[in-house]
Amino acid sequence: SGNDLTKTASTGWGNAGAISAQQLASGDGYVEITVSEINKGRMFGLSSGDTDQGYADIDFAFYMHDASAFYVYEGGTARTASLGTYVTGDTLKVAIESGVVKYYQNDTLLYTSLVTPTYPILVDTALSTIGATITDAVVDGGAWARASIELATGDSIPTAVPGGLLPQSTVDVLRVTYDDRELYALGSAQ
């Protein structure tokens, strides 16, 4: 439940991810997740568009390696050596603050990007390892309102979901809410 995403497709990049249906037109905003495992490869962050589910499509991303090390990637290019390790329960945040992209672990600034973001901005993810998760995702700031998505297995995904996150792979949606309003439930749009 909550704002969670789990990869059910086979291990490998490019076959699982999600984007936000909402976009940040201008100003400050961020996406933050809570780490739920340290042995699965995945990326999340902010992008000005979405052409595929590959990690190179994410403009500003944290890469959580399957060996508990993590890195900053921008447009598929590593911007940092390992930033150290992460543990279950850590929060990782990619934020735009006064037009500058910043990366945080547990509210500690780790890296400031030299690349200027292009608006509109959306949340983008790529999952590599089967069972990899994006957990307790929070999207906030600017014109974004808090969105929530609940995922499970069993149903097929619609091609469009109004509000919240838009799953791009074979992940099943139980409920999507936006501003505490249910937008999608059990396979039928509201």
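Is E74 buried or exposed? E74 is buried, at a relative accessible area of 4%; buried denotes under 20%, exposed over 50% and partly exposed in between, with a 1.4 Å probe and protein chains only.

The model is predicted: local features need pLDDT of at least 70, side-chain atom pairs count only at pLDDT 80 or more, and totals for chains, interfaces and linings use all residues. Residues are numbered from 1 along each chain as its sequence is written, and side-chain values use heavy atoms, with hydrogens and water left out.

Begin with the whole chain. The protein has 18 strands and zero helices, taken as DSSP runs (strands: E, at least two residues; helices: H or I, at least four) and numbered from the N terminus. Of its 190 residues, 49% count as buried.

R79 is partly exposed, at 40% relative accessibility.

By this rule there are three salt bridges. Select E37 and R42 next: the pair meets at 3.3 Å, N to O, and both residues are buried. Then select K102 and E97, joined at 3.5 Å, N to O. K102 is partly exposed at 21%, and E97 is partly exposed at 25%.

Finish at S20, in strand 2 (residues 18–20). S20 is buried, with a relative accessible area of 6%. I121 lies 101 residues from S20 in sequence, yet the C-alpha to C-alpha distance is 9.4 Å.

How values were computed: Salt bridge = Lys/Arg side-chain N within 4 Å of Asp/Glu carboxyl O.
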